[in-house]
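Subject: Structure handover

Hello,

Here is the structure you asked about. Please open it beside this email and follow along.

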Amino acid sequence: MNLVNEKEFEDLIELELINNGFIKGNPKDYNKNFVIDEKLFWEFLEDSQAKELYQLQKKSNYKQLVYTKIDNFIKNNGILKLLRNGIKIDGVHLKFMYEIPDPSSAKITKENYKKNRLSITRQISTELGQIPDITIFLNGLPIITIELKKLTKNQSIKDAIIQYKQRDIKDKLYNFARCIVHFAVDEDEIYMTTKLNKKDTFFLPFNKGNNDSKGNPPNPNGYKTSYLWEDVLKKDSLLEIIQDFVILEDENKNIALSKKNIIFPRYHQLDVVRKVTQDISKNGVGKSYLIQHSAGSGKSKSIIWSAYKLVKIYKEDEKPIFDSVIIVTDRKILDEQLREEAIGFNSSQNIVAPAFSSKELKEHLANNKKIIITTIQKFPFIVDELGDYSNKNFAIIIDEAHNSQDGSNHENLNMALGKEEIQEFDTDSILEKMVENARLKKNASYLAFTATPKNSTLTKFGINKKPFHHYSMKQAIEEGFILDVLQNYTTYSSFYEIIKTIDNNPEVDSNKTIKKIKSLVETHPEVIAQKVDIIIEHFMENVFKPKKLKNKAKGMVVTENIETAIKYYQAIIQKLQTLNNPFKVIIAFSGKKEINGIEYSEESLNGFRSKDIKKRFDGDEYRLLIVANKFLTGFDQPKLCTMYVDKKLQDVLCVQTFSRLNRIAPKLNKKTEDLFILDFRNSVESVKASFEPYYKVTELKSEIDIDKLYELKQLLDEAMIYRYEDIENFIEEYVKNPKAERNYIYFVDIAVDRFNKLEEKIKKDFKIKAKQFVKTYSRIRFILENTNLEWEKLFRYLLVLIPKLNVKSIDESDEDILKLIDLNTYALQKKVSNAKIELADEKGLLEPENMNPRGAYGVDKNKTPLDEIVEEFNKKWFSELENMTPEESKNILIKSVEKIKNHKDFETKYKNNNDVYSKDSIFEEICYDIIYQDRRTDELNKLLYKNFTQDTLFQNSFINTTKRLIELSI
């Protein structure tokens, strides 16, 4: 059978491009010394700039003069700058590319654009005799080379990459920035590089992805890679990429060209920008676009490319659709990063306006500045001053949407963009208008970028509960843009015994006491000292001494809170002193913390300013970073390869925290096997459960149950803490002027008086339900088709009421438990070593927001003598049960709890079941089910099954213990 060979593959691509307006170039026209297709080059100049060329032709050696000037310019500045800016030769300005015209552009501009000549030339002979399969020229100047391979001829894309790595980069065609990009192509995949550097050349995939994996999907109309020549390389597409996407990093810095880099968009970046702009062009302003792009996707550049393209979308009347594009982020680090990206992208356009202050933000909006970059925190300060912008259109690009769009930040932003004056005073009308102004505005389009969308984000921005566009974590890992942080995961288990330090035996709340005991243990100096020994020994022996990552490797210690972080910092400093201080450590937390009468801050502990932490940690002197709720998101440090976790993590926070390690570092040869996570607090099962929803595309499992809010409001009403007339009177004054608190606070204070007369358990229950109503309603009020005025009124009322409701904390309502007990023994044992956590190869389904009413934990307090709590606690970890060792009994309980929580009936029939009587029987059935299923797996589970089915006391103890552990964890 005669299969298609490489030459015939070239024929096919050449024919497709010629059919789409390319010119077929002749290899004989190629000037290898100056890297120019002479025939097409001069034809372009004669056709487009005859007058300018005539001025140069007065010189007898004008061709040599032009060649030399261009050659020298590209050597110093690169082809991209030449194409975009042109060049002056003896006072004559020549252009070498005409940009895509706007609809409002002059007729001559549109005509000039048509004069651009794209050509395809095969098998040119270069300066050093290196022959690329295909070279793409723009107006006679080479911009792309392509090496083709045929799988059916036993050659693949790997061979094309090897061929490129063997190219002599002294050959002018392969000099950096002489061409824009080099493609390696076979029938199935495409890879690209913008900088050839022998064996150190770094190739990136330029693939569509296939079912959230690497590669490309089957193409019913031909080759998997045909999108390259059928779509990407089409004239309008390619010129748009050169004009609006390709970036020469550090273009305006005074450094050698060889030290700069060219950024060519990856396929998913190009795809998302084009799909969003096409949809807006077709459907107009007012839609939302949830974009789920994994870490390592180049999200910052996708955001900036989107912003630049959005300002270029025009209406039929040839006016821009958007007056301004506002990029909103909720973290200062990302705010600075995005400003740098945007300003450095194409400074000649001068359309980017960073808003460092609320005043600047207000001015930029009023003056229709095209691209404004700010933080969400700046919006609340100017909402009342913004005036009426409902006659303008905006594009809002939100970075990390699940953070930026919660609660009042979201409302303030939308009110700012669409606030209208209300002519007639009517309480309900005004309130309804306030809600309408706070919804997603019809005069704004929203692009919400996130790697880990929460259920509320999917509800607010998703289309049919799905993202508009996604680039998955799975694909990013397989394509090598991020590393898999779950391939080397180790956990430790704690074993400890406590003792009672007093003779009397007070009654205490057992559930809360167990939590406080655990807190005592985890922050005890002896416990932290043991963990520090493990951390430092591991880091020294496995990271520091082996000089991992070319002796640049770093680690992060993740702690529960600021006090724990400070204790860790002090213990690690002390431990390092015994080792003659081989390296230094940095601590990071926000604000100040007083411990035992001493006030601590980052500056006082580190000895330098907080803003210098990132820069200092990047140096070789500092190797460990100890954090308390800081640098867990938005912190990119490729040298991080090891993490020590002493903090309970779940869901999005777990994914974001572990992802601090996933950044690639090609110059340091960082690989997946260099990563290591040592975890004192979480389990393989909990980490797996946190990551799986975000491994592939994330969708919402079902619609949110709005009706549950009726039930929650009814429970609040029945508490009789507020009256109907209280809320009505409050709202009447509130809508006149929310700042005039003195006019409506009376109607809140009378409810506070009623609240203060209630029993403590009822007060706690009401406050929990009130906070749940505010939190839940604040997230869904923007998506409701019609305003529910009763809900809105209660929402506004509770916002003022809740801060005035005082309930006793555990420290006030119980004796200070921690003064009554002490740690007797403590031991750490490795539970899981170097585990490889495999994630399910299926899309992630999130449950909608849990709308079931919640109440005060321990409303009916389980008061138990302290002796019994201590005995029960120690029995869990140390007392033998039948033939089980303490370690076995502990491990089997923990595993059983996880199996129960993962049981198919747990969420629907137990957790979300409000029938107290049926819940117990369902829980017992689930326990029996998980024990029965595992009864033959090993001797330990056989013993568990025997005890559970033959010993009623054991069965009851097992059910009650697992239930208590689950209730504590929910």
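Helix α11 is mostly covered: 12 of its 12 residues are buried. Buried means under 20% relative accessible area, exposed means over 50%, and partly exposed lies in between (1.4 Å probe, protein chains only). Helices (H or I, at least four residues) and strands (E, at least two) are DSSP runs, numbered from the N terminus. The buried residues of α11 include Trp305, Tyr308 and Lys309. The helix covers residues 299–310 and reaches 16 Å from its first C-alpha to its last. That is close to the 16 Å expected at 1.5 Å a residue; the expected span is 1.5 Å times one less than the number of residues.

A note on the source. This is a predicted model, where local features need pLDDT of at least 70, side-chain atom pairs count only at pLDDT 80 or more, and totals for chains, interfaces and linings use all residues. Residues are numbered from 1 along each chain as its sequence is written, and side-chain values use heavy atoms, with hydrogens and water left out.

Next, strand β19, residues 444–450. Seven of its seven residues are buried. Ala444, Tyr446, Ala448 and Thr450 point one way, while Ser445, Leu447 and Phe449 point the other way. Which strands pair with β19? Strand β14 (residues 288–293) runs parallel to β19, joined by five bridges. Strand β18 (residues 394–399) also runs parallel to β19, with six bridges. Two strands pair if DSSP finds at least two bridges between them. Ser288 has Tyr446 as its bridge partner, and Ile398 stands opposite Ala448.

Now the salt bridges. The structure holds 51 of them. A salt bridge is a side-chain nitrogen of Lys or Arg within 4 Å of a carboxyl oxygen of Asp or Glu. Three examples follow.

- Lys309 bonds in this way with Asp244, the closest N and O atoms being 2.9 Å apart. Lys309 lies in α11 and Asp244 in helix α9 (residues 235–244), so the pair ties together parts that are 65 residues apart in sequence. Both Lys309 and Asp244 are buried.
- Lys584 forms a salt bridge with Glu621, with closest N and O atoms 2.6 Å apart. Lys584 lies in strand β24 and Glu621 in the loop between α24 and β27, so this pair ties together parts that are 37 residues apart in sequence.
- Lys7 forms a salt bridge with Asp11 at 3.6 Å between the closest N and O atoms. Both lie in helix α1 (residues 6–19), four residues apart, about one turn of the helix. Lys7 counts as exposed because its relative accessibility is 52%.

Best wishes
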